[in-house]
Amino acid sequence: MPIVVAVLVVLTTLTLLNLLLTFGVIRKLREHTQELARARPPVTLSVGAQVPDFTAATAGGDVVSIASLRASGGLVAFLAPDCSGCQEQLPSTRSALAEALDTPMAVLVVITRLHPAPDRDDRERAELVAALGVEDSRAVIVHEPLDGALQSAFQVAAFPAFYLVDTDGRVAAASNNATQLPDLSPGRDVVSAGR
């Protein structure tokens, strides 16, 4: 019996020591994560920032530029078929795009892949465009590689990403969630972000 008690005391001590070390590691990891977050500079265009000039080829072979967005403002959506967040937000993204298409603003959908897979690119892009309901609309669709011209111009750091651009070529709103975009109902103008 004394051997069983001794073994239980040793095991209890080891378990408590293990828990203490685990809590210490977790605390250090949290501190490290917070330090990394503070050290990382913002890598996306913020509200009020001027969108740099860009040109990109559309899926139809036309060229789109910042001038396309300045005419009447615009919504730019950055999506990827292999992005889990994009798939989760598909209903709200589809709704936001439909709302924007009912306004005079330009609608630009930029589709890329986060992980290159040439054998699935065309099929998955077509499926995403069909799921968004923009294939036969006036939305402009651009297919580009990761870190392409448009993603660089808007400094996209995460997918999905949505930007409202005003008629001055400035970011009026930016979000990684389509439901957080301002009201785009017909008759509403894109509000200028100011200077």
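**Figure 1. Overview of the predicted model.** The accessible surface of the protein comes to about 11,200 Å², with 59% of that area belonging to carbon and sulfur atoms (areas by the Shrake-Rupley method with a 1.4 Å probe; for residues, only the protein chains shown count as cover). This is a predicted model, in which local features need pLDDT of at least 70, side-chain atom pairs count only at pLDDT 80 or more, and totals for chains, interfaces and linings use all residues. Residues are numbered from 1 along each chain as its sequence is written, and side-chain values use heavy atoms, with hydrogens and water left out. The secondary structure consists of 6 helices and 7 strands (DSSP runs numbered from the N terminus: helices are H or I of at least four residues, strands are E of at least two). Along the sequence these follow the pattern α-β-β-α-β-α-α-β-α-β-α-β-β. Of the 195 residues, 38% count as buried (under 20% relative accessible area; exposed is over 50%, partly exposed in between; 1.4 Å probe, protein chains only).

**Figure 2. The largest nonpolar core.** This core has 49 residues, and those with the most contacts inside it are Val 76, Phe 78, Leu 150, Phe 154 and Tyr 163. Its largest share, 6 residues, comes from strand 4 (residues 106–111). A nonpolar core is a set of buried Ala, Val, Leu, Ile, Met, Phe, Trp, Tyr and Cys residues joined through side-chain atoms within 4.5 Å. Not counting residues up to four places away in sequence, Leu 150 touches Phe 54, Ala 56, Phe 78, Leu 108, Val 110, Val 142 and Glu 144 (contact: heavy atoms within 4.5 Å).

**Figure 3. Aromatic pairs.** The structure holds 4 aromatic pairs (rings of Phe, Tyr and Trp, the last by its six-membered ring, with centres within 6.5 Å; planes under 30 degrees apart are stacked, over 60 edge-to-face, the rest tilted). The rings of Phe 78 and Tyr 163 have centres 5.9 Å apart and planes at 90 degrees, so this pair is edge-to-face. Because Phe 78 lies in strand 3 (residues 74–79) and Tyr 163 in strand 6 (residues 161–165), the pair ties together parts that are 85 residues apart in sequence. Phe 78 is buried at 0% relative accessibility, and Tyr 163 is buried at 2%. Ring pairs link Phe 54, Phe 78, Phe 154 and Tyr 163 into a cluster.

**Figure 4. Salt bridges of Arg 113.** The whole structure contains 4 salt bridges (a side-chain nitrogen of Lys or Arg within 4 Å of a carboxyl oxygen of Asp or Glu). Arg 113 forms one with Asp 82, the closest N and O atoms being 3.6 Å apart. Arg 113 is in the loop between strand 4 and helix 5, and Asp 82 is in the loop between strand 3 and helix 3 (84–88), 31 residues apart. Asp 82 is partly exposed at 22% relative accessibility. Arg 113 also meets Glu 124 in a salt bridge (2.0 Å, N to O). Glu 124 lies in helix 5, so this pair ties together parts that are 11 residues apart in sequence. Both Glu 124 and Arg 113 are buried.

Figure 5. Lys 28 forms a salt bridge with Glu 31, with the closest N and O atoms 3.8 Å apart. The two are 3 residues apart in helix 1, so about one helical turn separates them. Glu 31 is partly exposed, at 31% relative accessibility. Arg 27, Lys 28 and Glu 31 are linked in a network of salt bridges.
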